[in-house]
Amino acid sequence: MKNPSSSRSRLSFAVFGVPSPFDPTCGFVTSSFLYPSVLGAVRALFAVYTLLAIVVILGFEVSVYGGGPSFLCYFTNLSYIGLCAYFWASSVQTIAFARALRGLRDVQDDGQSVRTRGKQGRRTERRRIGYPLQRWPRVLQLMHVLLYTSIVIFPFIISIVYWALLADSQTFATPFNAFGNVSRHILNSAFALFEIICTNVPPPPWSHLVPVAIPLASYLGVAYITYAAQGFYTYSFLNPGTHPARVAGYVFGITLAYCIVFAIVKGMITLRWRWSGRYWGSREDEERQGEPEALNDWEEVDSPREQSSAPRL
């Protein structure tokens, strides 16, 4: 008899973009333009850059400007840390997938003889390539897909708000200011755009609209706690002053911008996803470099001694 609670759990996870099995086409670790190994290297490069940017900016804030205690009070910095965390996580998963794929291709070099021996009565074993996140608990899979949605949404909102409301003559006044603002208010959106255009990640479901908005809405509390504790507003437009209605207008505007950006990003990913499926689906298997379906093929390999030295997934 089916367990009703288990069925409800599967349904709830699936609604938030975590089906069972998770990511059967390996879209989170593949690209229509890049080999998995190249995609993993690019993500690793972004991970290293964002981490170095955080270290440099925080180091200057602490040693030169004395602003270390307020570093985590800014939504820009919190979002950038999330961007860094995503690229570290996704690069590890992509590199693991690329290694598994390379191991399978090594086995395929002797594929014909393996199949021949299998037909002659030798025991064979079938296995499927993948990456570690596919075997991890579904809660971690949910956290990963929500993190992905946040890093393709928040950078655009941060860049829009900064360049529309906060940029001034000090933006590029010093090399440190220029580095910090380019890294957190320009390159952040470039990194997000790369994930939108150059990967096979499926579009986020509409169900992500509310969960991903929760950190953005919760930040209002952080901003006013910072004012109460440290005596300043992290963003000038949050200062109610003599016009509290103006703050409400800004909050409403940012909420509206969030919804619009979410819809645009979802539309862009959907178009890329559909184009990618049609493009790769029209070519022969051996020509489909990086196609998710081609990467999920099952292969027969000898299970006893011959396979003992082959990499296992």
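Cys26 is buried, with a relative accessible area of 0%. The model is predicted. Cys26 sits in the loop between helix 1 and helix 2. Its phi is positive, about 55 degrees, although Cys26 is not a glycine.

**The loop between helix 1 and helix 2**

Asp23 belongs to this loop as well. Its phi is near 45 degrees, again a positive value in a residue other than glycine. Is Asp23 buried or exposed? Asp23 counts as buried, because its relative accessibility of 6% falls under the 20% cut-off. Pro21 is another residue of the loop between helix 1 and helix 2. A cis peptide bond joins Ser20 to Pro21, with omega about 5 degrees. Phe33 also lies in the loop, which runs between helix 1 (4-15) and helix 2 (36-65). Phe33 counts as partly exposed, at 47% relative accessibility.

**Overall layout**

The chain holds 11 helices and 2 strands. Along the sequence their order is α-α-α-α-β-α-α-α-α-α-α-α-β. Of the 313 residues, 41% are buried. Take the contacts with a separation of 6 or more: 83% of them involve residues 24 or more positions apart. The accessible surface comes to about 16,500 Å². Carbon and sulfur atoms own 65% of that surface.

**The salt bridge**

How many salt bridges does a search of the whole structure find? The search finds 1. The partners are Arg43 and Glu195, and their closest N and O atoms are 2.9 Å apart. Arg43 lies in helix 2 and Glu195 in helix 8, so the pair ties together parts that are 152 residues apart in sequence. Arg43 is buried, at 0% relative accessibility. Glu195 is buried too, with a relative accessibility of 0%.

**Aromatic pairs**

The whole structure contains 26 aromatic pairs. One of them joins Phe60 and Phe176: the ring centres are 4.8 Å apart and the planes meet at 20 degrees, so the pair is stacked. The angle decides this, because planes under 30 degrees apart count as stacked. Phe60 lies in helix 2 and Phe176 in helix 7, so parts 116 residues apart in sequence are tied together.

**Helix 7**

Helix 7 spans residues 175-185, and Phe176 is one of its buried residues.

His144 is part of helix 5 (residues 138-151). It is buried, with a relative accessible area of 9%. Leaving out residues up to four places away in sequence, His144 touches Phe28, Tyr86, Ala89, Ser90 and Leu133.

Val222 lies in helix 9 (residues 209-230). Val222 and Phe75 are 147 residues apart in sequence, but their C-alpha atoms are 9.0 Å apart in space.

**A nonpolar surface patch**

Phe33, Leu193, Ile197, Phe252, Leu256, Ile260, Ile264, Met268 and Trp275 make a nonpolar surface patch of about 840 Å². Which helix gives the most to the patch? Helix 10 does, with 6 residues. Helix 8 (187-197) and helix 10 (244-281) each supply at least two residues. Phe33 comes from the loop between helix 1 and helix 2.

**Accessibility of selected residues**

| Residue | Relative accessibility | Class |
|---|---|---|
| Arg43 | 0% | buried |
| Glu195 | 0% | buried |
| Asp23 | 6% | buried |
| His144 | 9% | buried |
| Val222 | 31% | partly exposed |
| Phe33 | 47% | partly exposed |

Technical notes: Residues are numbered from 1 along each chain as its sequence is written. This is a predicted model: local features need pLDDT of at least 70, side-chain atom pairs count only at pLDDT 80 or more; totals for chains, interfaces and linings use all residues. Side-chain values use heavy atoms; hydrogens and water are left out. Helices (H or I, at least four residues) and strands (E, at least two) are DSSP runs, numbered from the N terminus. Buried means under 20% relative accessible area, exposed over 50%, partly exposed in between (1.4 Å probe, protein chains only). Contact means heavy atoms within 4.5 Å. Accessible areas come from the Shrake-Rupley method with a 1.4 Å probe; for residues, only the protein chains shown count as cover. Patches are made of residues with over 30% relative accessible area and no salt bridge: like charges are joined within 9 Å, nonpolar side chains (Val, Leu, Ile, Met, Phe, Trp, Tyr) within 5 Å. A salt bridge is a side-chain nitrogen of Lys or Arg within 4 Å of a carboxyl oxygen of Asp or Glu. Rings of Phe, Tyr and Trp (its six-membered ring) pair if their centres lie within 6.5 Å; planes under 30 degrees apart count as stacked, over 60 as edge-to-face and the rest as tilted.
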